[in-house]
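Please go through the model below with the text beside it.

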Amino acid sequence: TVHIVSGGEREIPLLWSRDIGNGRLVVNNHTLISGKDGRGLALNALYALQDQLIYPIINAGVIFIDDFPAPQPEGADQALLEQFGYDIQGFFRNRWWPEMRKLAMRKGLRYTGVLVETYNRNVTGPFEPERENDALLRYYASELLHSGGEMGLHGYNHMPLCPDGFRFAREDYITWPSTELMAESLRELNRYGSKFLTSTDFRTYVPPSNYLSAEGQRTLRQTLPQVRTISGLYLPEMGVDALIQEFREEEDGSISLPRISVGFIPSEYDRFVLAEELMLHGVFSHFIHPDDVLDVKRGAGFGWSAMYDSFTALIDEIEAAFPPLRWSTASEGAAAVQRYSRLNLSRIYGEDALTVTLSPFYDEAWLALKAERPIESVENGELFPIADGFYWIRANAARVRVHWAVNE
């Protein structure tokens, strides 16, 4: 049985299975499972090996808006001026954010923006506000929160928390002379950003350009212990010493919620990996930047309308494929990661039912099930069909039983 073939006219078999005696043999005719971006293909091999397969998932759809709120460029971008009649700040206020908010309201998205106080290059202090008039940042902070989103932290400035000796790839960043100065900048960022919040503390941190040294992370946790969600990258980049994470709870009490894909118009590669991760982890973790619309390399050449339409179509595709996906803020997604990270499953495959015991069980857990047999009912759980023979299950108790339909 051939399960996957290559694209193009030749359709080379890439994954096939064959029953032999009382067992089954599966062949991966490719080398695409050697890295993290091939885990979904490894999962497909397990699907081909077993008629029934059940495993825990996270179930969270998280969209980060990096550098938002943040000081915006002044002046005009010629393409935006000609198309929309606004300078840069006018475009963001009158076109970009209203359309982003409309999409959030229509789809139930819960954006997580991350705050930048200033874009100066100061790493020696004193760390002080540079603007007396912060009305624009206040406006976007209020809009983000009122739309159901979350505001996290990105940095006092855009200098990653990395000490002298740390090597950046390509970016023109300055390292920090000491962890004390890192801590001082974080305290100022927290003070500044707290003006925009009403009743909660900051709980999420996204490192600038995804750089965060071990010293910087320790300083962050010691200085702002309420910040438990840290979001770097899921996939490594060649020659870049970025923060690469797994979806898990860490020993220092933080929760790693890495970002998988990027951009208003994700590359075919990004779309491939995000589809794999929806199958494997039940998670969509994506980030965009407001200034993508100003950068040709990030899609500006297509124009804002095409970028927005592409992003909307992506959300529509994901919703159609995974209707039970929960759109979440980063801290809500981190809570789901924590449950997933702690969860252990024991399975009993029986003739009449599949019994799954979950430990430790809190209020609910989410599972993915691949089953060749038709299902009659689920005890202590709710079944969500995703595709032919593939389901998500919301477990409502520590013991879940999947009852197979009786063939007449």
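A residue counts as buried under 20% relative accessible area, as exposed over 50%, and as partly exposed in between, with a 1.4 Å probe and protein chains only. The model is predicted: local features need pLDDT of at least 70, side-chain atom pairs count only at pLDDT 80 or more, and totals for chains, interfaces and linings use all residues. Residues are numbered from 1 along each chain as its sequence is written, and side-chain values use heavy atoms, with hydrogens and water left out.

Asp-134 is buried because its relative accessibility is 10%. Asp-134 sits in the loop between strand 6 (112-116) and helix 4 (135-146); helices (H or I, at least four residues) and strands (E, at least two) are DSSP runs, numbered from the N terminus. Contact means heavy atoms within 4.5 Å. Apart from neighbours within four places in sequence, Asp-134 is in contact with Tyr-192, Lys-195 and Phe-196. With Lys-195, Asp-134 makes a side chain to side chain polar contact at 2.8 Å. A polar contact is a pair of N or O atoms within 3.5 Å; within protein, one must be able to donate a hydrogen and the other to accept it, and residues adjacent in sequence count only if both atoms are side-chain atoms.

The loop between strand 6 and helix 4 also holds Pro-126, which is joined to Gly-125 by a cis peptide bond with omega of about -5 degrees. Another cis peptide bond, between Ser-359 and Pro-360, has omega of about -5 degrees. Pro-360 lies in the loop between strand 16 (353-359) and strand 17.

Two strands pair if DSSP finds at least two bridges between them. Strand 17 (residues 365-371) and strand 20 (residues 390-395) are joined by 6 bridges, and Leu-369 stands opposite Tyr-391 in strand 20.

Most residues other than glycine have a negative phi. Asp-67, in the loop between strand 5 (60-65) and helix 2 (78-84), has a positive phi of about 55 degrees. Asp-67 counts as buried because its relative accessibility is 14%.
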